[in-house]
Amino acid sequence: MASLNRCIFLNKTHISSSCSPLSLKRHSESLKLSSVISERNDRVLMESSLKDSVLELDPVSAVNDGVLDFYGEVMAMEDQGVTPWTVSVASGYNLLRNPHHNKGLAFTDKERDTHYLRGLLPPTVISQDLQVKKLLYRIRQYQVPLQKYMAMMDLQESNEKLFYKLLIEHVEELLPVVYTPTVGEACQKYGSIFRRPQGLYISLREKGKILEVLRNWPEMGIQVIVVTDGERILGLGDLGCQGMGIPVGKLSLYSALGGVRPSACLPVTIDVGTNNDKLLNDEFYIGLRQKRATGQEYKELVHEFMAAVKQNYGEKILIQFEDFANHNAFDLLEKYGKTHLVFNDDIQGTASVVLAGLIAALKLVGGTLADHKFLFLGAGEAGTGIAELIALEMFKKMNTPLEDARKKIWLVDSKGLIVSSRKESLQHFKKPWAHEHEPIQDLVDAVKDIKPTVLIGTSGVGRTFTKDVVEAMAAINKKPIILALSNPTSQSECTAEEAYTWTEGRAIFASGSPFDPVEYNGNVFVPGQANNAYIFPGFGLGLIMSGTIRVRDDMLLAASEALAAQVTQENLDKGLIFPPFTNIRKISANIAAKVAAKAYELGLAGRLPQPKDLVKHAESCMYTPSYPNYR
Ligand SMILES: O=C([O-])CC(=O)C(=O)O
Ligand SMILES: [Mg+2]
């Protein structure tokens with residue numbers, strides 16, 4: 001019974017709130033917890049001598065067959081309540097089951113002795129590097145992307161540090177596995193692949209209790225929440241509660257790409273029902289089986305959530321809105337932008353990344369932003385968000401009046417070109433783009449008439465950049481810039497191969513979801529990935545490390561410029577308007593530094609004094625997943 005002499009971690013809230021006085025008394029008496037109590041964050045570390053406790057156990061707790069009934073579960077009568085008491089012991093078997101502390105076969109001999117692991121592991125001791133190699137080998141064995149995804153999720157739930165080391169060191173290969181496009185399929189099938197909860201579910205049933213629900217989450221030092229209501233998951237539509245895969249994936253990138261501690265990240269899904277009949281009739285669906293609540297009922301739940309988050313975590317908590325439908329996304333950003341540190345990834349993150357790509361592309365096509373003409377297919381969050389940020393950059397950098405800047409930008413939605421005669425019936429976020437022009441129904445006619453230099457797809461509908469459309473762009477421009485941003489791959493407006501082939505290799509192409517390099521006429525073209533994953537991790541790190549409490553457009557522009565500055569001549573020579581993801585942590589540190597610098601400049605930073613070298617400071621704040629040595 002040597003292994004019983006060890007450290008245990010008890011969660012304060014669980015001691016005080018979830019244990020009945022009776023069971024607590026029985027525990028404290030029988031376990032004889034010694035008095036060395038030190039507090040570390042929200043945890044209470046107690047040295048206990050369980051060895052003694054075993055000898056002193058009340059005979060009632062010992063069951064006949066010799067199995068000790070510590071928790072009264074075996075002896076309790078049916079009408080007696082039993083507390084579902086758990087103690088997490090940071091050693092022995094539980095240490096191996098704890099994803100934050102587990103090192104698997106990398107536990108040294110000394111650690112195996114000290115932490116009661118002898119016999120629980122096979123004799124070999126291997127390095128973390130060898131573990132990475134082994135895991136990568138295993139993941140490569142799977143042919144189906146969803147299997148790779150599930151293997152990665154299993155790893156995240158069993159050995160968090162190994163998961164992050166693997167992801168960081170092989171980011172180009174594994175990003176499409178844990179994130180877009182595979183995460184889209186994972187959300188579609190989340191009901192059947194769901195194993196363990198990876199975030200908080202806040203449904204209409206939790207109304208009035210959201211603060212309590214937040215307190216059920218085991219970590220207290222939360223710095224970033226990514227929240228969705230599942231209504232517009234990528235370009236896949238309403239996936240209800242199964243949208244949870246998105247906050248989980250985004251937050252994995254916060255840690256891997258932006259260096260925010262995993263324990264400081266909280267994925268949240270707000271479940272107000274779904275209008276997806278297929279899910280409502282799916283026996284494995286995990287969410288509320290009802291149509292979406294709207295209007296006041298919806299607003300009240302979200303408002304309670306926003307208030308509870310600030311109450312529980314304070315003013316500096318960053319809340320990233322993700323994959324909300326247009327009809328809520330703009331209003332939520334507008335409303336909570338005034339009172340909370342909020343950021344909408346689909347409106348602002350996508351805008352910032354695309355602007356960065358365009359700034360870099362100017363080096364290939366020449367001129368300033370104001371010399372170009374932009375045509376969008378799709379006038380939702382991404383389309384209007386990007387359009388507004390491009391106009392803002394022209395205004396700030398070239399003193400182009402905002403109204404004139406907007407006139408260089410045209411949007412097409414499902415009803416055709418957005419023009420002034422449609423103004424009355426347009427949603428408010430489309431109105432600034434309703435310019436004077438004859439109505440045009442088809443995209444190809446809009447391309448021929450408007451003659452854009454840049455074509456951007458944000459419609460969420462795949463295959464809409466047809467051969468006619470792309471050829472029309474190629475007829476007008478020597479180097480047409482074509483960005484097919486909708487996700488996942490199935491919703492991309494065109495493929496990389498189509499873009500290069502239909503423009504005879506002249507396109508400057510990037511897409512939201514990754515495409516492999518394309519060989520055309522003996523040349524290899526490497527498409528860039530214009531995905532907000534370049535921006536949000538570094539952007540969030542910059543906000544957190546400066547201690548700011550509000551997001552400003554100037555910070556988004558700073559992030560774009562920082563990202564564009566990371567595109568090298570070598571990248572441009574290959575036609576790439578984004579740097580490779582391989583260096584993403586360095587890129588994120590640079591973005592974070594520029595965002596933080598802007599926060600300091602605007603007087604919005606709460607962490608004073610300002611560090612001298614913000615890039616170094618950002619790097620020093622970043623989480624690294626190497627194993628610590630356990631005493
Ligand atoms: O998740 C992604 O890959 C990009 C994004 O925010 C979206 O498409 O909604
Ligand atoms: Mg999104």
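Predicted model: local features only at pLDDT ≥ 70, side-chain atom pairs only at ≥ 80, totals over all residues.
Around ligand 1 you will find Tyr179, Thr180, Arg232, Leu234, Lys250, Glu322, Asp323, Asp345, Asp346, Asn487, Asn531 and Asn532. Several of these side chains are worth a look one at a time. Pick out Arg232, where a side-chain N or O atom sits 2.6 Å from an oxygen atom of ligand 1. Turn next to Glu322, which has a side-chain N or O atom 3.0 Å from an oxygen atom of the ligand. Tyr179 also takes part, with a polar side-chain atom 3.3 Å from an oxygen atom of ligand 1. How much of ligand 1 does the protein cover? On its own, ligand 1 has 260 Å² of accessible area, and the protein covers 93% of that.

Two of the residues around the ligand, Asn531 and Asn532, can lead us on to an annotated stretch of the chain. An unreviewed UniProt entry carries the annotation "domain: Malic enzyme NAD-binding" for residues 347–600. In the model, helix makes up 44% of the chain over residues 347–600 and strand 12%.

Now let's move to Asn159, which you can find in the loop between α7 (145–158) and α8 (160–169). Is Asn159 buried or exposed? Its relative accessible area is 4%, so Asn159 counts as buried. Leaving aside residues up to four places away in sequence, Asn159 touches Pro99, Asn102, Lys103, Gly104, Gln131 and Tyr627. With Tyr627 there is also a polar contact, made side chain to side chain at 2.9 Å.

Finally, a word on the cysteines. A disulfide is a covalent bond between the sulfur atoms of two cysteines. How many disulfides does a search of the whole structure find? The search returns zero. For comparison, the cut-off used for a disulfide is 2.5 Å between the sulfur atoms. Cys621 is likewise in no disulfide, and the nearest cysteine sulfur, that of Cys265, is 14 Å away. Cys187 is buried, at 0% relative accessibility, whereas Cys621 is partly exposed, with a relative accessible area of 35%.

Conventions. Residues numbered from 1 in each chain as written. Chains lettered and ligands numbered in written order. Heavy atoms only, no water. Helix = DSSP H or I, 4+ residues; strand = E, 2+ residues; numbered from the N terminus. Buried < 20%, exposed > 50% of the residue type's maximum accessible area, 1.4 Å probe, protein only. Polar contact = N/O pair within 3.5 Å; in protein donor to acceptor, adjacent residues only side chain to side chain. Contact = heavy atoms within 4.5 Å. UniProt positions renumbered as here; feature names shortened; annotations may be inferred. Near = heavy atom within 4 Å. Areas by Shrake-Rupley, 256 points an atom, 1.4 Å probe, with all protein chains shown as cover.
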